[in-house]
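User: I have a model to look over with you. Can we go through it piece by piece?

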Number of protein chains: 2
Amino acid sequence: MGVTLTVLGCGSAIPTSKRNPSAHLLNVNERFFLLDCGEGTQMQLRRNKLKMQRIESIFISHLHGDHFFGLIGLLTTMNLLGRTKELLIYTPAGLKEIIDIQLKLTGTVINYKLQYCFLQNNSPEEIVNDEKLIVTAIPLKHRIPCYGFFFSEKEKQQNIKKEYVEKYKIPYEEILKIKLGQDYATPDGKIISSSQMLLPVTHAKSFAYITDTLPLPEITEIISNTDLLYHEATFSENLKERAIKTFHSTAIQAAEIAKAANVKKLIIGHFSARYKLLDEILIEAKSVFENTVVAAEGETFTA
Amino acid sequence: MGVTLTVLGCGSAIPTSKRNPSAHLLNVNERFFLLDCGEGTQMQLRRNKLKMQRIESIFISHLHGDHFFGLIGLLTTMNLLGRTKELLIYTPAGLKEIIDIQLKLTGTVINYKLQYCFLQNNSPEEIVNDEKLIVTAIPLKHRIPCYGFFFSEKEKQQNIKKEYVEKYKIPYEEILKIKLGQDYATPDGKIISSSQMLLPVTHAKSFAYITDTLPLPEITEIISNTDLLYHEATFSENLKERAIKTFHSTAIQAAEIAKAANVKKLIIGHFSARYKLLDEILIEAKSVFENTVVAAEGETFTA
């Protein structure tokens, strides 16, 4: 239970022998979401023994190849393995065209419902709002349209302790009232306070995925106090000019966003292929925001 | 020097954590050719420390995803790494459309000359014929148009031993005649036979790449006596019916082709994901053709 992020690819435009292009599996209370799908994602899922068929939706940040070239392979393998469950893809426009032509020319018929939701807003937009979760797409600043995603669990209603239900044989409609904070009167007139009967509140968790972008201080309000922030840190500080030119962030800039947003933990990733070791990048980020960790293939981080 | 094949992917439609989809690097006397380009090929090239920029052409057998989904990633990485050298792709029609739409929608401009040669013949066709090499495309029998490739080195002209050139100061035009088999008369009338002066003949090597297909006895004539044959062996014999249904070969059928063609060595590959171990498949093939080896990620086989 809880919110965890497993890194499947922490590289950037040019993959290396050790770092795959961007892909991350987010687990929100056993609901699985794929964040970006660089080349090799299906193999990375297998290597890490993660079940691809449990993914209910895929979020593509933008249409640079290192964020989606693995999608066609994943979709067709899901099909070959007999998927029937619907799959929803949140993406900037254009991706459907790319997938459709490949399905057509390879003679592939997808046997599950493949749905697209196209991102086009210039301001933050709620793209998922169900019983348990809100997902907000946040426009970022990259060379092409690009979106971050903010996952926010809804506060869970407190559950009633089983022993009270059993002891007083409390009817269902009364349980609902107790959950809303109403005390309970037993048939013989005894008053039992709801606070006594309810289990402790579980803190609703939140997670933000911000890649690829120039640092954007305006997003700190939306993601403020979030439990876990993944922010790209393609470059170290001495390549700040290059970061600006290519619309990326440095490790220090990522840490500044984490600090300004008062997040609990920062994961940095999307590292340029030029870095064999990440010590320098981590030291730089930690100089601004101490609770920083570096993304690494196959590692899982908990919110 | 010589002819070697490095296996980058020996899996089939569904990759596993151990087997990538089809990709092979062929080295013909330091000229590099990529045979198929399944998802993850660029990472496999890097892991095996093979230089992608040295590839002069790519041969795509057919447009099933496990044979080309890695192409767009490889082409764009070659570009990011500054390739200027022309790249030629031999492929059934349709692939250019798939690559072009992805280049367009990702805003990528390829800075090297990317050329396509579309395969469409229903009979074997010489698609390369240069100073040193002939490549023949061989139509196979799969669910969609599919081609095998037969690489045949041209017989090399015998070189003259250096010591004779130095000792007798033989002029360049006379050397050419000696190479063609003419004896040499020294200025003082001594006759030296060409056979004495020439180095031993190096046997011109040949290699055939046959995947995906039903077994085709009619190809044995073209590939007869070849040094090294790669033939798909997706299934073991007990799944022969499934092999027929899906237009694939069994290990025994691959070995029968090798035997009928009197090849020197057979590599079997393109294994179904259902096989964790390949012992059974290898034993079956060896029962028909002893000099059989199984393809394995990163292994290099010499003709």
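Analyst: A word on naming before we start: helices (H or I, at least four residues) and strands (E, at least two) are DSSP runs, and they are numbered from the N terminus. Please also keep in mind that this is a predicted model.

User: Good. Where does D212(B) sit, then?
Analyst: D212(B) is in the loop of chain B that runs between β12 (206-210) and β13 (228-232). The peptide bond joining T211(B) to D212(B) is cis, with an omega of about -15°.

User: And what kind of peptide bond joins T211(A) and D212(A)?
Analyst: That bond is cis as well, with omega at about -15°, and D212(A) lies in the chain A loop between β12 (206-210) and β13 (228-232). As background, most peptide bonds are trans.

User: Switching to the two chains, what rotation superposes chain B on chain A?
Analyst: A rotation of 180°, with 0.0 Å of shift along its axis, brings chain B onto chain A with an RMSD of 0.2 Å. The two copies are therefore related as by a two-fold rotation axis. In chain B, the C-alpha nearest that axis belongs to G40(B), at 2.6 Å from it. Both copies use the same surface, since 100% of the contact residues of chain B recur in chain A.

User: How many cavities of 30 Å³ or more turn up in the whole structure?
Analyst: Two. The largest holds about 40 Å³ of space, and its lining is made up of N20(A), G40(A), M43(A) and R47(A) together with N20(B), G40(B), M43(B) and R47(B). The elements that give two or more residues to this lining are α1 (41-47) of chain A and α1 (41-47) of chain B.

User: What about the lining of the second largest cavity, how does it divide?
Analyst: Six of its residues are nonpolar, two are polar and none is charged. The volume of this second largest cavity is about 30 Å³, and its lining includes Q102(A) as well as F68(B), F69(B) and Q102(B). The largest share of the lining, three residues, comes from α3(B).

User: One last topic: is H270(A) buried or exposed?
Analyst: H270(A) has 1% relative accessibility, so it counts as buried, the cut-off being under 20%. Although it is not a glycine, H270(A) has a positive phi of about 60°, and it is found in the chain A loop between β14 (265-269) and α9 (279-288).

User: And K169(B), buried or exposed?
Analyst: K169(B), at 67% relative accessibility, counts as exposed. This residue, also not a glycine, has a positive phi of about 50°, and K169(B) lies between α4 (162-168) and α5 (172-179) in a loop of chain B.

Technical notes
Residues numbered from 1 in each chain as written. Chains lettered and ligands numbered in written order. Predicted model: local features only at pLDDT ≥ 70, side-chain atom pairs only at ≥ 80, totals over all residues. Heavy atoms only, no water. 1 Å grid on protein atoms, 1.4 Å probe; cavity = no way out; pocket = protein on both sides within 12 Å on 5 of 7 lines; lining within 4 Å. Points joined across faces, edges and corners; volume = space filled by probe spheres on them. Nonpolar A, V, L, I, M, F, W, Y, C, P; charged D, E, K, R; others polar. Least-squares fit on C-alpha atoms with pLDDT ≥ 70 in both. Contact = heavy atoms within 4.5 Å. Buried < 20%, exposed > 50% of the residue type's maximum accessible area, 1.4 Å probe, protein only.
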